[in-house]
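Biologist: I have a structure open and want to learn how to read it. Can we go through it feature by feature?

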Amino acid sequence: MSVPLLLCGLVGAAYAQTTANATSSVTSTSVDNAPTASTSQTLSAAETSSILWSLQSSAPADNLTFSSLSNFTYTSYTSQAPTPTTSVATLPTDYSEQAWSMLWDQVGPVATPPFNSTVIPTPEPSPVPPPYGFSSQVTTGNLSSYQLPSDFVWGVASAAYQVEGAAMEEGRGPSIWDLLSHRVHGYVADGTTGDITDLHYYLYPQDIARLKAFNIPYFSLTISWSRVFPFGRGYVNEQALAHYDDVIQRLVDAGIKPIVTLFHWDTPLALMNDYNGWTSDQIIADFLAYAQLVMTRYDKYVPIWVTVNEPQVYCGDEYPGFPSGYWPQYGVTGLRAQFYCGHNTLLAHAQIVDWYRNTLGGTGRVTFKNSANNFIPNTTSSADAAAVARGNDFQLGWFNSPVWQTGDYPASLRSTLGDLLPNFTAAESAMVLGSCDFFAIDGYTTDIIAPAASGIADCAANSSDPAWPTCIQQSQVTASGWDVGFAADPGASWLKSDPTGVRQFLNYLQKTYTGPKGKDIVLSEFGFAEPFENNFTALPDARYDQLRVDYFTGYLNNLLAAKVEDGVNVTGAVAWGVFDNFEWSSGLSTRFGLQYVNYTTLERYPKASLFTFMDFFKQHGL
Ligand code: PNW
């Protein structure tokens, strides 16, 4: 973290123009216009009287204390030319300034942010005025007066590469996503990168102050592995630790509880070069060491830990299809990469949880986040029902049969995949089984399932069948020709709104995984990309996101129905995302935020859906 800088003139109109005087102004600009092209609306003193806190006047009252582990080499990288403080000869890899520069050379030129130090927060208006003529579509009927328990977890989510920006700042090493977005033509549809994105890395004090003004109790964030370990292992970057120390400090000061994810798809590039990332079992020790450092440091302040985000996506979609020629491939590709990645992920997760519980004596809850959709059969035929069961084995059972049921993969995976699927030793099985304190599901949508054209049995026996190995057909169009729900932005073509699906899905997960163990479920991500939101040229038009309002209304009410009427033990709901951000291969132009981001000025503006989200929890007692 740098010395805080009070912004003036040059950048980020919202941060520059507001003062702590009796009145402050909220600037409304045209979308992506320069900060000067703005009209101001002046708020009264009363509206701005709730000044959250300001670095100018006082540091937080109680400074938190952070524990360090002594078995690491700590170093402070100066500007963009890191110089290790001890001899590299003592470590197996070269962590020199030159090596760091070579990694970034592999990525190519990176955009520098408009400013390069942490921005002091300015007061947030409180309350923030809701949209004109707005109906939150709050719960009606039998459920309307139901009060959620006070410990219900609710909040908004982010992920490091998607929101931080500041890609090359303060000693960060590149991750695979820096390389993919820069070097691989077409990998990101709109050609954007995460170089700057929301610049949350320098704007987090304001972002946290904003969450406090909204009374949002939980913030789900990721720590960037390649900030803490620029090479994925070896030297620890002290500037990264100072940064995250302050993030945690400010969240605690604001009364916001952090949900911290250790890995959200951003494999350190050095580890792709060294051993091909998650396809190698070498990653287990490196990820464990990183987890130990971070969990030791922050456990006192973090009630919920997530080891990895959605292994179904990075192992199932990313690793098998990574382009070749950008780093050494080591011969592990395709489906073998998928299932080795999954296996190493499960072992790393289990070792971390075992260490967390038994060595650190951690007090928080720990799990990993699943990506899966609600699968429903295309027709009432028994073949379609069998296809749903098999599809669920491949999306959910792959990770959760080992963790929640048997300590091993589902029989359908074993019999189909043969030696593509690694084996667990008895000790590994025992460690994996029971390694989640609760079930975290990122449940966004519903898919319609039917068997492969050749039928499940024939397909499963024929590895050249195009549907092998899942041997199902997956669609979002029902047998009668209708979409399963209204569609999101074309940049999220996998996403349709199916509110009743989330109720079915929560019931399924409890019946299949958590119920027999007496554990709970958290809907750890759900959200919607408003169609064509990026096409609006007037900010107020973009902010009135009525389909996202409808999505959140429907999903939250169905989650409530699952809890109250069906008895599903669902204990939390976290919305994606805190604000618009870098949507992976769809880039910056597909927007999932509950706040709008102007990528020219970096200003954030609440959308209508944010009020729906907040009003729901208010109505239900939180
Ligand atoms: C999640 N699907 O990914 C991720 O955790 C976020 O990083 C991402 O921005 C968010 O959802 C929105 O996409 C998913 O195909 C990616 O079903 C794909 C799917 C689901 C979730």
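**Reading the pocket, the ligand and the backbone**

Modeller: Start with helix H10, which gives the most to the lining of the largest pocket, with 5 residues. Keep in mind that this is a predicted model.

Biologist: What is the lining made of, by class?

Modeller: The lining of the largest pocket has 18 nonpolar residues, 16 polar ones and 7 charged ones.

Biologist: Now the ligand. Where does the ligand sit?

Modeller: In the largest pocket. Look next at its neighbours, meaning residues with a heavy atom within 4 Å. There are 14 residues around the ligand. Gln162, His264, Glu525, Glu583 and Trp584 come nearest. By class, this shell has 6 nonpolar, 5 polar and 3 charged residues.

Biologist: Which side chains have polar atoms by the oxygen atoms of the ligand?

Modeller: For a polar contact, look for N or O atoms within 3.5 Å of each other. His264 has a side-chain N or O atom 2.8 Å from a ligand oxygen. For Tyr444, the distance from a side-chain N or O atom to a ligand oxygen is 3.0 Å. Trp576 places a polar side-chain atom 3.2 Å from an oxygen of the ligand.

Biologist: How much of the ligand does the protein bury?

Modeller: Compare the ligand alone with the ligand in place. Alone, the ligand exposes 450 Å². The protein buries 90% of that.

Biologist: What should I look for in the backbone?

Modeller: Look for exceptions. Most residues other than glycine have a negative phi, and most peptide bonds are trans.

Biologist: Which peptide bonds are cis here?

Modeller: One runs from Trp468 to Pro469, with omega near 5 degrees. Pro469 lies in the loop between helix H15 (456-460) and E13. Another cis bond joins Trp576 to Gly577, with omega near -5 degrees. Trp576 also has the polar atom 3.2 Å from a ligand oxygen. Gly577 is in the loop between strands E15 (570-576) and E16 (595-597).

Biologist: And what is phi at Glu170?

Modeller: Near 50 degrees, a positive value in a residue other than glycine. Glu170 lies in the loop between helices H3 (160-163) and H4 (176-183).

How values were computed
Residues are numbered from 1 along each chain as its sequence is written. This is a predicted model: local features need pLDDT of at least 70, side-chain atom pairs count only at pLDDT 80 or more; totals for chains, interfaces and linings use all residues. Side-chain values use heavy atoms; hydrogens and water are left out. A polar contact is a pair of N or O atoms within 3.5 Å; within protein, one must be able to donate a hydrogen and the other to accept it, and residues adjacent in sequence count only if both atoms are side-chain atoms. Accessible areas come from the Shrake-Rupley method with a 1.4 Å probe; for residues, only the protein chains shown count as cover. On a 1 Å grid over the protein atoms alone, a cavity is a set of points where a 1.4 Å probe fits but cannot get out, and a pocket is an open set with protein on both sides within 12 Å along at least five of seven lines; lining residues have an atom within 4 Å of a point. A molecule sits in a cavity or pocket if more than half of its atoms lie within 2 Å of its grid points. Ala, Val, Leu, Ile, Met, Phe, Trp, Tyr, Cys and Pro count as nonpolar, Asp, Glu, Lys and Arg as charged, and the others, Gly among them, as polar. Helices (H or I, at least four residues) and strands (E, at least two) are DSSP runs, numbered from the N terminus.
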